[in-house]
Amino acid sequence: MLNLISRLLAFFFCYEYNNFEHMYQFYIETYGCQMNVYDSELISSILISSDFKQTHDDRQANVIIINTCSIRKTAEDKVFNRLKHFESRKKKKKDFILGVVGCMAQRIKEDIINNFPFVDFVIGPDEYHNIVKAIIDSTQGIKSIKTVLNSNETYEDIIPHHFLSNGISTYVAITRGCENFCSYCIVPYVRGKERSKKPEVILKEIEKALLKGIKEIILIGQNVDSYRYEEVDFADLLQRIAINFPGMRIRFSTNHPKDISNKVLETVAKYPNICKHIHLPVQSGSNKILALMNRKYTREYYLERIKAIKKIIPSCAITTDIMVGFCNETDEDFKETLSLMNEVIFDHAFMFKYNPREGTYAYYNLKDNVPEEIKIERLKKVINLQNKLGLLSKKNDIGKTYEVLVEGTSKKNKSEYMGRNSQNKVVVFSSPVPIEKGTYVNVFIEKVTSATLIGKIIK
Ligand code: 5AD
Ligand code: SF4
């Protein structure tokens, strides 16, 4: 009762002074890719600078924001389930505000508002500057749908609030949007035109992260290789960052096989603080399928780029994305994917079965004609092969010593520590003395599993 009275008083007090947001605690739930994680940090920064308080417990929150992904149906289904979950709370709590942001907000705005009428606002990836107004409007019963794509929006004025990072590493977006239009992919439609952030803004963002004690930054973009700001290309940007922040580890993702240049590879090789790991999605090993996917490279070109990586950066780990069951994929095409995997030996792969997305070229122009059972069977096959190859690639690490950035204790065994090497492989190790999170140690690798390198600390 007392609680209710004090909340009512707070409500009127805040309303009176037009300072509504003081009483709001927000909670952000994030689905999807690294860019969404980054965007949630932007949103939280915008809200915190308007005096909203952040909570990491959704039960404490009276503003819940769901940052969504549209890449596959499963990602969207998760969000629909969460919205149903919050519906009952919405009925019980009058002053509780629920917003949907991100790629689903952009893709199916009206559907969300029509099918989930209790949702208060829907905001797409280029309209986060309007989120405070949308929340305040919601308190007056006004619903907002803000989904204009703006190819000038890079949020250069906002330093993200790194609440999702582990305190050791964090994302820094260098581009937004994508213009590659792979025929299966919804991203260009929901995230708009590609744009690059000013190098000075990126450097400032890294500087701020450094001051907060961050030890590793991950430069992100849908295609980092197409970064360009005036005369500065991606390799130039990497070099500038490597020179300006010699104590910082630098990672980047995602590269595109059609664009990754030798200049980038040489820059990675040259600077010890640039991590030796390249994520280079191949999708398929068949030229026919690559053409249907509009990937703009051939199997041969991809393999040539892999050769170049291995030659210029011999210690480089290579990871990939693989999609099975794309339109018209025959057994022969699929076998070419398996043979490419055997040829490259990826250290890790994210593997998916094709899922048609309304709005894409493939959805309207190509037949989703690989039966579901075959897609599942092919997915199992690539996963099994990758497990074998991943283990093989890790076995080569036995007997090597790696510099590891310590992230904390191991999840499985609290008396052991875990961190990552430059190749982004998880390393678990024992130590006779306590080790601080965020320090670098040298670990001698004694054994491996398909996911982890295991060893002991050495002087
Ligand atoms: N179906 C299945 N996987 C997809 N991806 C992108 N779009 C789809 C889709 N429609 C995968 C690609 C991409 C990764 C991020 O997600 O492999 O590289
Ligand atoms: Fe999608 Fe292709 Fe752009 Fe990646 S490069 S986000 S797969 S369109």
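Which residues make a nonpolar surface patch of about 300 Å²? I went looking, and found Phe-181, Tyr-189 and Tyr-361. Keep in mind that this is a predicted model.

**Entry 1: the patch**

I followed up on Phe-181. Phe-181 sits in the loop that runs from strand E8 (175–176) to helix H7 (187–191). Its relative accessible area is 34%, so I wrote down Phe-181 as partly exposed.

**Entry 2: domains**

Next I looked up how the chain is divided. The assignment gives domain 1 (2–146), domain 2 (162–275), domain 3 (276–396) and domain 4 (401–458). I then picked domain 3 and domain 4, whose C-alpha centres are 30 Å apart. Domain 3 puts 10 residues into the contact, and domain 4 puts in 10 residues. Together they bury about 780 Å², with 59% of that area on carbon and sulfur atoms.

How many salt bridges cross the interface of domain 3 and domain 4? I get one. I also noted a salt bridge between the side chains of Lys-425 and Asp-347, at 3.1 Å from N to O.

**Entry 3: helix H6**

I turned to helix H6 (residues 131–139) and listed its buried residues: Ile-131, Val-132, Ala-134, Ile-135, Asp-137 and Ser-138. What covers them? The cover includes helix H2 (34–48). It also includes strands E3 (63–68), E4 (97–102), E5 (121–123) and E6 (144–146). After H6 comes Gly-141, which has a positive phi near 80°.

**Entry 4: Arg-378**

Is Arg-378 buried or exposed? With a relative accessible area of 5%, Arg-378 is buried, because the cut-off for buried is under 20%. This arginine belongs to helix H15 (residues 372–395). I skipped its neighbours within four places in sequence and checked what else is in contact with Arg-378. The list reads Val-324, Glu-329, Thr-330, Asp-331, Phe-334 and Val-370.

**Entry 5: Gln-222**

Gln-222 is in the loop between strand E10 (216–220) and strand E11 (228–229). At 24% relative accessibility, I have Gln-222 down as partly exposed. Not counting residues up to four places away in sequence, Gln-222 touches Met-35, Thr-175, Gly-177, Cys-178, Val-187, Arg-191 and Thr-254. I also checked Gln-222 against Val-443: they are 221 residues apart in sequence, and their C-alpha atoms are 33 Å apart in space.

**Entry 6: salt bridges**

How many salt bridges does the count come to? The rule gives 34. I went through a few of them.

Asp-58 and Arg-89 pair through their side chains at 2.6 Å, N to O. Asp-58 is in the loop between strand E2 (53–54) and E3, while Arg-89 is in helix H3 (residues 73–92), so this pair ties together parts 31 residues apart in sequence. Asp-58 and Arg-89 are both buried.

Lys-197 and Glu-205 form another salt bridge, with the closest N and O atoms 2.9 Å apart. Lys-197 is buried, and so is Glu-205.

For Glu-200 and Arg-240, the closest N and O atoms of the salt bridge are 3.5 Å apart. Glu-200 is in helix H8 (residues 199–211) and Arg-240 in helix H9 (residues 234–244), so I noted a link between distant parts of the chain, 40 residues apart. Both ends came out as partly exposed: Glu-200 has a relative accessible area of 46%, and Arg-240 has 32%.

I also found a network of salt bridges that links Asp-39, Arg-176 and Arg-191. Arg-191 was already in my notes as one of the residues that Gln-222 touches.

Most peptide bonds are trans, and most residues other than glycine have a negative phi. I looked for exceptions.

Which peptide bond is cis, with omega near 10°? The one from Ser-253 to Thr-254. Thr-254 is in the loop between strand E13 (249–253) and helix H10 (262–270), and Thr-254 is also on the list of residues touched by Gln-222.

Asp-51 is not a glycine, yet has a positive phi of about 75°. I placed Asp-51 in the loop between H2 and E2, partly exposed with a relative accessible area of 35%.

Glu-230 also has a positive phi, about 50°, and is not a glycine. Its loop lies between E11 and strand E12 (232–233). With a relative accessible area of 63%, Glu-230 is exposed.

Note on methods
Residues numbered from 1 in each chain as written. Chains lettered and ligands numbered in written order. Predicted model: local features only at pLDDT ≥ 70, side-chain atom pairs only at ≥ 80, totals over all residues. Heavy atoms only, no water. Patch = residues over 30% accessible without salt bridge, like charges linked within 9 Å, V, L, I, M, F, W, Y side chains within 5 Å. Areas by Shrake-Rupley, 256 points an atom, 1.4 Å probe, with all protein chains shown as cover. Salt bridge = Lys/Arg side-chain N within 4 Å of Asp/Glu carboxyl O. Helix = DSSP H or I, 4+ residues; strand = E, 2+ residues; numbered from the N terminus. Buried < 20%, exposed > 50% of the residue type's maximum accessible area, 1.4 Å probe, protein only. Domains from an automatic or database assignment. Contact = heavy atoms within 4.5 Å. Buried area = accessible area lost by both parts, 1.4 Å probe.
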